[in-house]
Amino acid sequence: MAATLALPAAHLVEVLSLSIVVLFVLLIGVFASLLIMRLVLSRREARFEAIKESIRPLIRDLLTSEPDPRNAEWKVEHLVPAADYHELEQVLLENARMVKGPESDVLTYIFEKMGYVDEDIRNVRYGRDFKKAESAFHLGVMRSTRSVPFLLRILSEPDERVVFSALNALAHIGTPEAVDGVMDFITGERRIQSSRVGEVVLEQKKAFAPLIRGQLVEGTLPPERLGFLIDLSGAIRDVQAGPVLLGYLASPDDALRSRAARSLGLSGDVGSCEALMASLVDHSADVRAESAESLGQLSCTDAIDGLTRALSDPQLRVKMSAAVALTKLGDEGHLALTRRLAATEEQERGVVAEVLGAEDVRMKGMPGVSRA
Amino acid sequence: MMKANDYWGVVIITINFLVFGYFVAINTTYLALFIAAFVSAGRYVARKRLVDLDELFRSPLTPKVSVIIPAYNEETGIVESVRAALMLKYPRFEVIAVNDGSTDSTIAELVRAYDLRQVTKVVERPVPCADIVGVYISTVYDNLIFIDKEHGGKADTLNAGINVSTGDIIVTVDADSLIEPDALLKIARPFLEKPEETVAVGGVVRVVNGCTVTAGNVTDVRLPHGFWANVQIVEYLRAFLGARMGWSTMNALLVVPGAFGAFDRDALLEVGGYRRDTVGEDMELIMRMHQYFRKTGRKYHIWFIPDPVCWTQVPVKIKQVASQRDRWQRGMIESLRAHETMLFNPVYGTVGMLSMPFYFFFEMLGPVVELLGYAVIVLAQAFGFLGLKFLWLFLSVAVLYGIIVSLLGIALEGVALQHFPRVRSLAKMTFYAVLENLGYRQVNTWWRTKAYVTYYTRKTKWGDMERQAYSGASPSPDKEPIA
Amino acid sequence: MEKILIVLAEDDHQIASLVRFKLEKDGYAVHVAENGRDAVDLIRQMIPDIVILDVMMPVMDGFDVLRQIKSSDATSGIPAIMLTAREMEEDVLKGFDLGAVDYMTKPFSPSELSARVRVNLNGKLR
């Protein structure tokens, strides 16, 4: 029986040998070419970096001594070899990200005059996804107002990176048209998952604030979107949003009420104290906790009684928020808190002891204590 | 010339071919994983150019991170570890150091270094942990909390940290790993870009042996001297970088390293935290997450980012390496057995159909098969059942193919990710890629087979293992000195 | 005439070099520290006329540096300008609470920074 196995086995070995040799040669080839590619790339990168390094002092000099954009551009055009066009762009972008104000205007002028804006707009219109995203990003750094219409157009692209780059750029540029475009996107149908969209808005707080308020007043958006805008309102600390947020404090939706409670504390509108005090007995624990926290942030001394009562809330996090809030309400608040060390409920006692104990330790933290 | 005679001949020849097939299968799977890894790495590097990490501002929208450092008898390094954690670049985070009933002066060192004062704290326990003896906060750093707890093992300690945490993202680190200052920024990115589906993110753990460390940062990446360290570096590139990246693209990643892992806090609480009765708690948790989320049909993803976030010392004494690998293998077996139901179950998608079978047959049973294979090939040659040609063939898939896969690991690192600045390092690593497959792998196979055996015979003695140090390498002076 | 001495604590090389360049052009002597700890050492050693501190730095952040220099008699009188990554109220207030005299947000205008240095040096001009 074994003999009958011998022949097919031998055949199999032959076939396998051949295929394995082919495979290995292929893979070694891949490996070798990858290494060669790496060598070539690192050589190229080193050269790129060297050229950039030679350009940097010139740009630094310009930014710190040449206030006139036209002179600055003239110098750049005549002192940097044309061959170093791309390296120059990188150095200019590096600097554009660091500066604002008159120096930024000089750079924007140079970007425009030397054709970088044109190139990037071309990529935004016709390039492939990654190039689109990268160029959109650059246009934001360059603060090119001319590119706004093109950036607005790519907001409807399917690729999320492209859309996020465009949003980012529009927020950086900050013209009314750009800001409107961003708002339209945020309140529109499409939502890209990135929570960094909110960060984008922080770029132009003053410009976005009235638009966000307007949308909240209208209140026609789906609840999830409204919630996001409520969060943004708090994030940009818009004190003028107080009244409209108060409206949401009375919303039938639990999540919206709690987000409104939180944002009211961040907004700084002390006119909301009364309403927040009323929310201390809301049926949702989240709302109660956020209201307590906000009352502390707004220093609502009238709320001391309400917060003291909230110390016996069934939910631990409400107790904690109330206790912390009381520490922010001056001597009277502290007194009210300290009295509750004698509370009958164990958890309440524990929370009060914890908050007072922690505060005590913080007080002991002296500035300049030498650290190991 | 084949000259098989009788029943044994057939058996041995068949087994030889089966083992041959095994080697082809395992190495080809690694190959496939690498292709996926290369593509993923390319995309990651490209995206990095678009994102400015420094733009994560201190806004109320940035999720808060809780960094948990479990410590057991870490008196020599705990102060530095905590300091390194406190110095991380991130807008809002807290550092929670948890003492697992240490018998040395871990607590005393921390109290002294950070002027810790005991406070009372009301702690709820959404996940199970041993009794908390004391809670301390620092007068110097207002985002540092220290928990003293009765001994319960690493998983228990991590759970205690989770219970006390208030962040949206939980990051677990080892007390003796060195964390990059940008680590939190990098690991938080997937949570920000895909907030609804990201439940866990693992980062690359690199080997710090041989590197220059200044003021807690790795300032120069170099290769160490010595066989063990280098061979492990190559192994890490193949198994921990390449393979994991590959699995992550299919959402089939089975382990997020305990040395540096990030989790969504709500997701962690939902699956019940860490299990305290297993040696491989990091792997078991991830497998449980896969099982839970797939069973409930929720959209989720567990990522692996190739950016280095954490550096660790690998053991260089043979006994330490052996005991570390023994512990890993046992942990893997425990986790796999605990989640056996996922195996080949289409409900669990890529995890059940791809990565679990891979781990089961190649990582768990694999060493046994390999050992058997070496024995059988020797027999076949001794009795002349299969010719010299087959021997070469066998060696080429067992060793050469493996070398090529290791080389691809180096290529992935060297080309796509470029964390080794010197080309000379790549040459040295190529040399060790050969050694990794010719010698190291076989020794490893022996250890892992032994682990398999001891798992089944010594199962009742798990209490013993609790008292072991958390990491395989023990603290200095055994460790290789870092510059 | 002796040059006015400024210590700049900033970990980003590009920003540091730009600021240094501008301030040196305006006639100041500038020394740069790349992290908080080095900054404290440098300040204690040189007793500069004014310091500019980046808030987010490795090893020790700008606020800690500020605390340290305010706690020692030799250095507590040195005016400090904070460089913050964004105009977040907590950062600004914290800086002032700890004794900073001014702040600037990034991205910033180098000429504006120089102007603020000049303004905050008022009593110290020789």
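Okay, ground rules before we start. It's a predicted model, where local features need pLDDT of at least 70 and side-chain atom pairs count only at pLDDT 80 or more, while totals for chains, interfaces and linings use all residues. Residues are numbered from 1 along each chain as its sequence is written, and chains are lettered from A and ligands numbered from 1 in the order in which they are written.

Let's take chain B. It has 14 helices and 12 strands; those are DSSP runs numbered from the N terminus, H or I with at least four residues for helices, E with at least two for strands. The C-alpha trace spans about 80 × 50 × 50 Å along its principal axes. For 483 residues, a compact globule would have a radius of gyration near 23 Å, and chain B has 23 Å, so that agrees. The radius is taken over C-alpha atoms, and the rule is 2.2 Å times the number of residues to the power 0.38.

Of those 483 residues, 51% count as buried. Buried is 20 or more other C-beta atoms within 10 Å of a residue's own, exposed is 12 or fewer, partly exposed is in between, with C-beta atoms placed from the backbone. A contact is two such C-beta atoms within 7 Å. Among chain B contacts between residues at least 6 apart in sequence, 80% join residues at least 24 apart.

Now the sheet. Chain B has an open sheet of 10 strands, order 3-4-5-2-1-6-11-8-12-7, with mixed pairing; strands pair if DSSP finds at least two bridges between them. Which strands stand at the edges? Strand 3 (116–119) and strand 7 (178–179) do, each with a single partner strand, so one side of each has no neighbour in the sheet. Further in, strand 8 (residues 198–207) and strand 12 (residues 301–312) of chain B pair in the parallel sense over 9 bridges, and B:Gly202 stands opposite B:Phe304 in strand 12. Helix 8 (residues 281–295) of chain B packs on the sheet, touching strand 8, strand 11 (260–264) and strand 12, and its direction makes about 150 degrees with that of strand 8.

Is B:Asp176 buried or exposed? Buried, with 25 other C-beta atoms within 10 Å. Its C-alpha is separated by 9.1 Å from that of B:Ala71, 105 residues apart along the chain.

Nonpolar side chains tend to be buried together in soluble globular proteins. The largest nonpolar core here has 278 residues, and B:Ile69, B:Ile286 and C:Ile6 touch the most other members. Helix 12 (residues 388–417) of chain B gives the largest share, 16 residues. Leaving aside neighbours within four places in sequence, the contacts of B:Ile69 include B:Val82, B:Val98 and B:Val173. By core I mean buried Ala, Val, Leu, Ile, Met, Phe, Trp, Tyr and Cys joined through C-beta atoms within 7 Å.

Chain C, quickly: 5 helices and 5 strands, in the pattern β-α-β-α-β-α-β-α-β-α along the sequence. Of its 126 residues, 46% count as buried, and the C-alpha trace spans about 40 × 35 × 25 Å along its principal axes.

Last, where chain A touches chain C. The contact takes 15 residues from chain A and 19 residues from chain C. On the chain A side, helix 1 gives the most, with 4 residues.

Key:
Axes fitted to C-alpha atoms, helices over the stretch in contact; angles between N-to-C directions.
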